[in-house]
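Please brief me on this protein model.

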Amino acid sequence: MPRPIEAVIHPQALAHNLRRARAHAPDARVWAVVKANAYGHGIERVYAGFQAADGFALLDLDEAQRVRALGWRGPILLLEGCFDARDLELCSRLSLWHTVHREAQIDWLAAHKTQAPHHVFLKMNSGMNRLGFTPSAYRSAWLRLSGLTQVESITLMTHFADADRDEPGGGMARQWAVFEATTRELPGERSLCNSAATLRHAPENAAVRGDWVRPGIALYGSAPDFPDRSIADWGLQPTMTLRSELIATQDLQPGDTVGYGSRYTALRPMRIGVVACGYADGYPRSAPNGAPILVDGVRCEMVGRVSMDMVTVDLTPAPTAHIGSEVTLWGQGPGGAVLPIDEVAHAAGTVGYELMCALALRVPTRVDD
Ligand SMILES: *Cc1c(COP(=O)(O)O)cnc(C)c1O
């Protein structure tokens, strides 16, 4: 029998979350962001769940080819654009829309011989200071692009650094004001919102909503603004379950310790379970004593250090648990129990994004029906 660990991807939850995102921006089109192999879920595994998307956004050319190979004939957007002039040939051949965030990408387009003109997303740096033209350089970049026969349309785009929190007069408001002021007189469609902006700002602000929203993390059942808000608050469902089983139990006496470094000491007689899942499966080694975990759908606490292949759990809340009991590391548990990936991530000092992207290759993954 194989090791009892597995990951399960839930297409109905993906479709549900996409509907939730769309409900926040009903008059906009929705890019389903599937970069990083669909946030660790696997592009091929999420494709069916995202059939209602208006397009797929990603940044790896290889991943774009995989989406086309699945039969998608609609828009695909490269979020970082071309990395090299030669990438434009693939863009032409597969009709990939692409971001332009620096001058060289315009040079490449100007020199490119294409059959069909390209759809370009012109990115403004509104304060993140990663990619994009500064507000002062943005208009001249737009003018240059709009003069090229290789370009069919220019969508005005930015990416907010602070959409996940509200500071009066700060962050998001400032970044949006910069984008507004710079693009006010430019024609073309607009795309501004990641998940956080889509959920928190798109419903009440048509200008922020724009013509295309770009949710990623929300589609995968993680709240972009946890712990301020949870997936329950946003009506989202987990799309990835990491599950395993108890493969041993131990009865401890007061003073007994657990695991490497003896990080946990029993203060009373207690029973612990040993779970076939460790950091080599993608469970965060930084998870502390007390991190949440479900046994037979009952919420328990992790005790002791996470090791390569095992974690240990205090079975006090689940006295009937036994070898073979189902363990939910995150996602959907038995009997409708849910352990949001955000809670595990938060306990471990990270975010849901990192955990789902780090699901290890050795974990057999199947798609729920
Ligand atoms: C990753 C990404 C998104 C999606 O972000 P989430 O926080 O996952 O919603 C949107 N736009 C761009 C440009 C991105 O790189």
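Predicted model: local features only at pLDDT ≥ 70, side-chain atom pairs only at ≥ 80, totals over all residues.

Residues are numbered from 1 along each chain as its sequence is written, and side-chain values use heavy atoms, with hydrogens and water left out. The largest pocket lies between two domains, because both give residues to its lining. The structure holds zero disulfides.

**Largest pocket**

- The volume of the largest pocket is about 760 Å³.
- A pocket here is an open set of points on a 1 Å grid over the protein atoms alone, where a 1.4 Å probe fits, with protein on both sides within 12 Å along at least five of seven lines.
- Grid points are joined across faces, edges and corners, and the volume is the space filled by probe spheres set on the points.
- The lining has 40 residues, each with an atom within 4 Å of a point.
- Nearest the pocket centre lie Lys35, Tyr39, His159, Asn194 and Tyr353.
- Domain 1 (11–222) and domain 2 (240–367) both contribute to the lining; the bounds come from an automatic or database domain assignment.
- At least two lining residues come from each of α2 (35–39), α9 (195–200), α12 (341–347) and α13 (352–357).
- Helices (H or I, at least four residues) and strands (E, at least two) are DSSP runs, numbered from the N terminus.
- The lining has 22 nonpolar, eight polar and ten charged residues. Ala, Val, Leu, Ile, Met, Phe, Trp, Tyr, Cys and Pro count as nonpolar, Asp, Glu, Lys and Arg as charged, and the others, Gly among them, as polar.

**Cysteines**

- There are zero disulfides (pairs of cysteine sulfur atoms within 2.5 Å).
- Cys91 is in no disulfide; its nearest cysteine sulfur, that of Cys82, is 3.7 Å away.
- Cys300 is in no disulfide either; the nearest cysteine sulfur, that of Cys277, is 15 Å away.
- Cys91 is buried at 1% relative accessible area, and Cys300 is buried at 2%.
- Buried means under 20% relative accessible area, exposed over 50%, and partly exposed in between (1.4 Å probe, protein chains only).

**Asp162**

- Asp162 sits in the loop between β7 (151–158) and α8 (171–183).
- Asp162 counts as buried, because its relative accessibility is 13%.
- Its side chain makes polar contacts with the side chains of Arg165 (2.5 Å) and Gln175 (2.8 Å).
- A polar contact is a pair of N or O atoms within 3.5 Å; within protein, one must be able to donate a hydrogen and the other to accept it, and residues adjacent in sequence count only if both atoms are side-chain atoms.

**Ala280**

- Ala280 lies in the loop between β13 (270–275) and β14 (292–295).
- Ala280 is partly exposed, at 25% relative accessibility.
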